[in-house]
Amino acid sequence: MLVFGASDEKESKARGKGSEIVKSLGVSFDLSPRQKAVVECLRAPRAQNFLTVIPIEGLGQHMSALEYRTILKYRLMIPLFPVDEPCPVCRKVCLDSFGEHAVHCKELPGFKYRHDLVRDVLYDVLKRAGISSRKEAPVNFLTDPLEGRSTLRPADILVFGWAGGKHACVDLTGVSPLVGLRDNGFVAGQAALKAESSKVAKHEKACLENQHVFIPFAFDTFGFLAPEAEEFLNRVQRVVQSNFSTPKTQNFIFSRIGFAIQKGVAAQLVARLPAILL
């Protein structure tokens, strides 16, 4: 059975209220460059999708109270950490008060967890939709003559017969849009678009040469989806609508993915919170 999120009416109201609040921020307050960038990220498509998810533990749609409070504080720009405290995970740099280091720190726990959580939810969506796929599927397209091994990781998800009978290698990547933030010229979603382009340049040619298609699934920490990911999920949703009795306007698949992204970010933040706050 396919289980999905809130009704269209409730989803529309939640988005409407969130949109009004976000729009008023830039008008009512004198914002810093970082604050302006966060507001732009919150206004981007799909950024509010996670708010419409109904908590269902069996689908992984649940957070602890601490995780939920933490992710809301991060998105509302409420300080989370003491300034100049070293990151308790990597021990290499100091934390910033808003937690930006935490969401792109590549030391465990958190970074791999976020990627794997979104991958697992996407795989579960495909499985429930009746789309044949395999998680962490080995593909040996690229071999480095010097190393004698594949230079292409297993496909995060291999979707069988996705395009013209060809299998599709889906490669997920999540980025923080605020890394290297400048005082001007910020564009919401730009980091995810850049990550998508980088993945295509790295892997598409090898996939095509081996009769596969390559689908980069790039997203940022606020929930923005790059075009290839958006197109992929739209097609999955059409498959669901043709196989099950679901409203054509329902965006529950996007909501599930959005929730998984925010849960992964929350895990990275909570892992670095001072013990006194836990």
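Visitor: Start with Asp120. Is Asp120 buried, partly exposed or exposed?

Guide: Asp120 is partly exposed, with a relative accessible area of 29%. Buried means under 20% relative accessible area, exposed means over 50%, and partly exposed lies in between (1.4 Å probe, protein chains only). Bear in mind that this is a predicted model, where local features need pLDDT of at least 70, side-chain atom pairs count only at pLDDT 80 or more, and totals for chains, interfaces and linings use all residues. Residues are numbered from 1 along each chain as its sequence is written, and side-chain values use heavy atoms, with hydrogens and water left out.

Visitor: Which residue does Asp120 form a salt bridge with?

Guide: Arg119, with the closest N and O atoms 2.8 Å apart. A salt bridge here is a side-chain nitrogen of Lys or Arg within 4 Å of a carboxyl oxygen of Asp or Glu. Arg119 counts as buried, at 8% relative accessibility.

Visitor: What else does the Arg119 side chain meet in a salt bridge?

Guide: Asp116, at 3.5 Å, N to O. Arg119 and Asp116 are three residues apart in helix α5, so about one helical turn separates them. Both are buried. Helices (H or I, at least four residues) and strands (E, at least two) are DSSP runs, numbered from the N terminus.

Visitor: Which residues do salt bridges with shared partners join into one network?

Guide: Lys112, Asp116, Arg119, Asp120, Lys135 and Glu136. The structure holds 12 salt bridges.

Visitor: Back up to Glu136. Where does Glu136 lie?

Guide: In strand β1. Glu136 is partly exposed, with a relative accessible area of 36%.

Visitor: What does β1 pair with?

Guide: β4, in the antiparallel sense, over four bridges. Two strands pair if DSSP finds at least two bridges between them. β1 covers residues 133–137. Arg134 has Leu158 in β4 as its bridge partner.

Visitor: And what stands opposite Leu158 in β5?

Guide: Cys169. β4 and β5 also pair in the antiparallel sense over four bridges. They form a hairpin with two residues between them. Gly164 in that turn has a positive phi of about 60°.

Visitor: New topic: the nonpolar core. Which residues of the largest one touch the most other members?

Guide: Phe217 and Phe232, out of 30 residues. A nonpolar core is a set of buried Ala, Val, Leu, Ile, Met, Phe, Trp, Tyr and Cys residues joined through side-chain atoms within 4.5 Å. The largest share of this core, seven residues, comes from α5.

Visitor: What is Phe217 in contact with?

Guide: Leaving aside neighbours within four places in sequence, its contacts include Leu122, Val170, Leu225, Phe232 and Ile257. Contact means heavy atoms within 4.5 Å. There is also a second, separate core of 29 residues, with Leu66, Tyr74, Met77 and Leu95 among them.

Visitor: Where is Met77 found?

Guide: In the loop between α3 and α4. Met77 counts as buried, at 14% relative accessibility. Its phi is positive, about 65°, although Met77 is not a glycine.

Visitor: What about Glu67? What is its nearest side chain of opposite charge?

Guide: Lys263, 5.6 Å away. Lys and Arg count as positive, Asp and Glu as negative; His and the chain ends are not counted. Glu67 is buried yet has no salt bridge. It lies in helix α3, residues 65–75. Not counting residues up to four places away in sequence, Glu67 touches Ala266 and Val270.

Visitor: Last one. What is the mean pLDDT of the chain?

Guide: The mean is 83, and 79% of residues reach 70 or more. pLDDT is the predictor's confidence in each residue, from 0 to 100. Over residues 1–8 it is below 50, though beyond near neighbours in sequence this stretch has 23 contacts in the model. Where pLDDT is low, the predicted coordinates should not be read in detail.
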